[in-house]
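Reader: I am new to reading structures. Could you show me one and take my questions in turn?

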Amino acid sequence: MRNRILILDFGSQFTQLIARRIREERVYCEIHPPTVTVDWIRDWDPAGVVLSGGPSSVYDDDVPMADPALLDAGIPVLGICYGMQMIAHLSGGRVVPGKREYGRAELQVGRASDLFDGFVPGERATVWASHGDHVQEAPPGFTSLASTADLPVASFRAQDRPVFGVQFHPEVAHTPRGDEIISNFLFRICGCEPDWTAGSFIEQAVVRVREQVGEAHVICGLSGGVDSSVAAALVHHAIGDQLTCIFVDTGLLRMNERESVERTFRRHLGIELVVVDAADQFLGRLRGVEEPEDKRRRIGETFIRVFEQAATDAGRDARFLVQGTLYPDVIESVSVRGPSAVIKTHHNVGGLPADMRFQLIEPLRELFKDEVRQVGRELGLPEEVVGRHPFPGPGLAIRVLGDVTPARLAMLREADAIYLEEIQAAGLYADIWQAFAVLLPVRSVGVMGDARTYEHVVALRAVTSRDGMTADWFPYPPDVLGRISSRIINEVAGVNRVCYDVSSKPPATIEWE
Ligand code: XMP
C-alpha cells in the first residue's frame, strides 16, 4: 500500500477542495475520473479512496457509479454526499430522492470513534449538508454514526469493512470540524503518514526529471512568473547546466520585467539565461489582431518558433521544454475527458503548435499554486518571485484590449507600474491574488485645465482567490483607489479616466480577454 489517497470525482464543485484538505494534512492525493475499475485502483495502490459528491441522483439514468467491487476490496473508502448515497444504494440501503440544495445543519454525533474520534458522544457540531437525496436507512451490515434533523443517517460505517460515508461536506469551511473528520480518515482509518512536504516533493521530482531527460539538453521558457520560475529552479536543481533558460522579451512585458528576471536568475541563482529580444516578431504577428483567442494562438506559436531558434543559436540540441503546468489544469481535462485524455498544455504560453520538436517536462503538474510557492521558497527563490501575482503567458497583449501597438503598450505599462507601486505602498500586495491595469479600447471626454480632452480609459482589476478558478473583486479602501486614479491620470499621458472592475469570477474571468 502506498501512502497516498485516491479521490474519485463524481462531479462535485468541491472535489478540488477535498484534495486541498488532504494535501494540507500532508498526505499526497490525486483526483481521477469515476470510471476507473477496481483492478486499476488496486494497481494504483492507494491507502484509501474518497468518493466525492456530485450533482447526480442514484436514481438517474446513466449515473456515474463506482465499481461495486471497490467496497469489498479491503481498501478504506469514504463516500461524501453523493459518494455516500452511492455506497448505500450499492449495499441495499434506502436513498430517498429530493432536490439538491446546500445549507448549514446541526450534526449530532452518535458514535465518537472512527471518523468522529475526538468528538464526544451526543455532541453537536455544525456541518454543511445537502438537503436533497438522502440515505433514509443504513444498508444491512452498516451502523449509523451521526444524524441531523433532516438526515436520520448523516454518517455511517460498514461493520465488517473500512467503508464509511458522510452526507455532509467535511472539506468546506462551513463545516468547522471537518478537518478533524478528514484527518481521522487519513490517519486512523487509512494509516497514512503525513509525509507530503515541499522537501519530499522536490526529492521525488528531481529523481523523475533526471530519469526523464537522461543526458539530454533541456530548455525552459522563463516568463518571470511564479510557475515558470519555480519550474526552472526545480529542473536546475535536478540537472544543473543541462538546463538553459530562455527569457523571451516579447515586447509584451511589464515595466522593468526583463531587468528583474535577469537579476534574479543570472545573478542570484546562477542559472544560465539566454535573453532573446523578439519584440518585433511578436508585435508584427499581432498587428491588427483584435480577437483574444487569435492573439493567444499567434503568441503561442511565435514563442515556440523563438525557443526553437534560440535553442539552436545556443548551440545545444534541446529535446525537452519545461512548462509550469499546474494541477488545476490537469484535473480539468482529466475529469472531463477520462483518464487517458491528452492533458491541456497550452496555458503557459497560449496554443502550442502540434509540430513543435520538444517533449514537455511538467514538474509542477501535481501541485496547487500555494504548494508551488512553498516549493519555490524551499528552493531558495526570493519572496519577490515566489510571492508575485500570477502573470499570463500572453502578457500585456491580453490587457491591451483590441489592437496591440507599441504606444498603447507603453501607456498600459506606465499605468500598471503606478498601480502596483501604490498597492505595495499601501501594504496590500500580499492580500490580493492578482492586480493589474487594463487599457480599454474606448476613449472618453474629460477636461484638463480649461481644455476638453478625448483620451484613453484604464480599468483596474484586483481579485482575491485561492487558485484562480473562482475570484472576488478586492474591496479597496476608497482613499487608495483615489490615490491610484489621480496618479495615473496625472502621470500617464493619454489617459483621462480610471475605472475599477467590480466583477467576480464567475461570471466574469480574471483577465479581460
Ligand atoms: P482567467 O482570465 O481565465 O484567468 O480568469 C485565470 C488565471 O489564469 C491566468 N491566465 C493565463 N495564464 N496563459 C497563462 O499563462 C493564458 O493564456 C492565460 N489566460 C489567463 C490569469 O492571469 C489568471 O491568473
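**Packing, rings and cysteines**

Author: The buried residues of helix 13 pack against helix 8 (279-286), strand 17 (434-448), strand 18 (451-464), helix 14 (478-491) and strand 20 (495-500). Contact means heavy atoms within 4.5 Å. Buried means under 20% relative accessible area, exposed over 50%, partly exposed in between (1.4 Å probe, protein chains only). Helices (H or I, at least four residues) and strands (E, at least two) are DSSP runs, numbered from the N terminus. This is a predicted model: local features need pLDDT of at least 70, side-chain atom pairs count only at pLDDT 80 or more, and totals for chains, interfaces and linings use all residues. Residues are numbered from 1 along each chain as its sequence is written, and side-chain values use heavy atoms, with hydrogens and water left out.

Reader: What span should helix 13 have, and how far apart are its end C-alpha atoms?

Author: Helix 13 covers residues 406-425, which is 20 residues. The expected span is 1.5 Å times one less than the number of residues. That gives 28 Å, and the end C-alpha atoms agree, at 28 Å apart.

Reader: Which residue just after helix 13 takes a positive phi?

Author: Look just past the end of the helix. There, a phi of about 70° belongs to Gly427.

Reader: Is the ring pair of Phe10 and Tyr82 stacked, edge-to-face or tilted?

Author: Rings of Phe, Tyr and Trp (its six-membered ring) pair if their centres lie within 6.5 Å; planes under 30 degrees apart count as stacked, over 60 as edge-to-face and the rest as tilted. The centres of Phe10 and Tyr82 are 5.7 Å apart. Their planes meet at 55°, so the pair is tilted.

Reader: How many residues apart in sequence are the parts that this pair ties together?

Author: Both Phe10 and Tyr82 are buried. Phe10 lies in the loop between strand 1 (4-8) and helix 1 (15-24). Tyr82 lies in helix 3 (residues 82-90), so the parts tied together are 72 residues apart.

Reader: How many disulfides does a search of the whole structure find?

Author: A disulfide is a pair of cysteine sulfur atoms within 2.5 Å. For Cys190, the nearest cysteine sulfur, that of Cys192, is 5.0 Å away. The sulfur of Cys220 is too far for a bond, at 4.5 Å from the closest one, in Cys245. The search total is zero.

Reader: Is Cys220 buried or exposed?

Author: Check its relative accessibility, which is 1%. Cys220 therefore counts as buried.
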